[in-house]
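Hello,

Here is the structure I promised to pass on. Please open it beside this message and read the notes below against it.

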Amino acid sequence: MAIKPGLGRKTSNKNPPILSHEFVIQNHADIISCVAMVFVVGLMNESTASFASAFISLHHNVSGEEASREQPYGKPYTYVAGIKDYCAIFFYTLTCIIMHAIIQEFVLDKISKKLHLSKFKLARFNESGQLVAFYLLSFIWGTHVALREGYLGQVALLWEGYPAHAMSFLHKFYFIIQLSYYLHMLPELYFQKVRAKEEQQPKIIHSISGFTLIVLAYTLSFQRLALVLLTLHYFSELLVHIFQLIGVFDREERLARVRIVNNACFVLVRFATSVIGVLTLYYGICVSGGSYNLRAVIALIGLIAVQGYLVFSFITEQLRAKREAKREAKLLAAQSKKVKAPNKDKVKRKKESDLPEADQVSSSPVKQKLK
């Protein structure tokens, strides 16, 4: 019996053999959905509920009470980082892969079929489309948590009471999803058939560096600072990929003047990140004293190093874009000169052909010498 392609891949006339690479790639969303459903079904059985809840629920709560007669609304739970969080990261990594396939098939593929894009523009469209969805969700989520917890109104909350920084449910779940998303980028290289090294390398670096930086901030109790800085960073990256998406529709010339907004936003975000980092890690934790000065100093050095790398990459990219623009302008100028030269010869010949025959003969150099 032929197996029809499921979710998250293009249909093909040939049915690949079961358990082959092509079969797994074409049906990876359905396969992973079945694996995720095993954990969900495990919650319904008492014998497996405790095991399944380790992958689905959040753990390591330090305060909170359920609703009772004395307290009808109960008390909200607060959480800290712990070893069981990596079980939840594994489960929600599966969820991110499924959501990636849903967005790809039901949104991006339907739009790209109508646009008839080239291979290069299609790859850029798919990558930016996925990242815009992630950055937009993360920015809205991070802004909501920061406003709800009061981190923007009272900046001192970023360092007061460090390291006893318990997280609310939404705050902790935010970091679980962040880590899961960066981790899901690695298997997506296989599912999307990214084989070229020049395409794999930046995606692998993006995935590993993002996961490493967030997990360090999460485990070292810098969750409040990381939430604010990630929200700022995602706003800047959201603008970058929105401009890339619009550039796919052949509107680069119109966006040339508007890109200054993107560049200004990048510079402002980098400046704000450095200021908030120094204010929190140096003046908030180091100067106030305590046994965590070394940890804060190392975190501050790492933060400044990351900002320096991002600024260096930004300047390099701007210089490269200017060199390419000048090169393209020279090529266009050379091509226009080549086109104008034959046109001038044609016009001159046409004018000579319009003259009377006697004038054409007299215009020859031999006739002119005899005269």
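Lys193 sits in the loop that links helix 6 to helix 7 (197–219). Its phi is positive, near 60 degrees, and Lys193 is not a glycine. The residue is partly exposed, because its relative accessible area is 37%. Bear in mind that this is a predicted model.

His60 also deserves a look. This residue has a positive phi of about 65 degrees, again without being a glycine. His60 lies in the loop between helix 3 (46–56) and strand 1 (61–65). With a relative accessible area of 25%, His60 is partly exposed. As background, most residues other than glycine have a negative phi, and most peptide bonds are trans.

That brings up the peptide bond between Tyr162 and Pro163. The bond is cis, with omega about 10 degrees. Pro163 belongs to the loop between helix 5 (119–149) and helix 6 (169–191).

Ser168 is found in the loop between helix 5 and helix 6 too. Is Ser168 buried or exposed? It is buried, because its relative accessible area is 18% and the cut-off is under 20%. Setting aside residues up to four places away in sequence, Ser168 touches Tyr77, Tyr79 and Glu149.

His241 is in helix 8 (residues 223–248). This histidine is buried, with a relative accessible area of 8%. Beyond its neighbours within four places in sequence, His241 contacts Ser128, Leu131, Val132 and Tyr135.

Now the helix packing. Helix 2 (residues 28–42) packs on helix 4 (residues 85–115) at an angle of about 145 degrees. Their axes are 9 Å apart. The crossing is left-handed. Which residues of helix 2 and helix 4 make the contact? Helix 2 supplies His28, Ala29, Ile32, Ser33, Val35, Ala36, Phe39 and Val40. Helix 4 supplies Phe90, Phe91, Leu94, Ile97, Ile98 and Ala101. By class, the contact has 12 nonpolar residues, two polar and no charged.

Next, the core. The largest nonpolar core holds 62 residues. Tyr92, Phe175, Ile176 and Tyr234 touch the most other members. Look at Tyr92 in particular. Apart from neighbours within four places in sequence, Tyr92 contacts Phe55, Ile56, Phe173, Ile176, Ile177 and Ser180.

For the chain overall, there are 13 helices and two strands. Of its 371 residues, 35% count as buried. Take the contacts between residues at least 6 apart in sequence: 66% of them join residues at least 24 apart.

Last, confidence. The chain averages a pLDDT of 85, and 83% of the residues score at least 70. Among the elements, helix 6 has the highest mean pLDDT, at 96. The lowest belongs to helix 13 (residues 365–370), at 46. Residues 361–371 have pLDDT below 50. Beyond near neighbours in sequence, that stretch makes five contacts in the model. Where pLDDT is low, the predicted coordinates should not be read in detail.

Best wishes

Notes
Residues numbered from 1 in each chain as written. Predicted model: local features only at pLDDT ≥ 70, side-chain atom pairs only at ≥ 80, totals over all residues. Heavy atoms only, no water. Core = buried A, V, L, I, M, F, W, Y, C linked by side-chain atoms within 4.5 Å. Buried < 20%, exposed > 50% of the residue type's maximum accessible area, 1.4 Å probe, protein only. Contact = heavy atoms within 4.5 Å. Axes fitted to C-alpha atoms, helices over the stretch in contact; angles between N-to-C directions. Helix = DSSP H or I, 4+ residues; strand = E, 2+ residues; numbered from the N terminus. Left-handed = near helix turned anticlockwise from the far one by under 90°. Nonpolar A, V, L, I, M, F, W, Y, C, P; charged D, E, K, R; others polar. pLDDT = per-residue confidence, 0-100.
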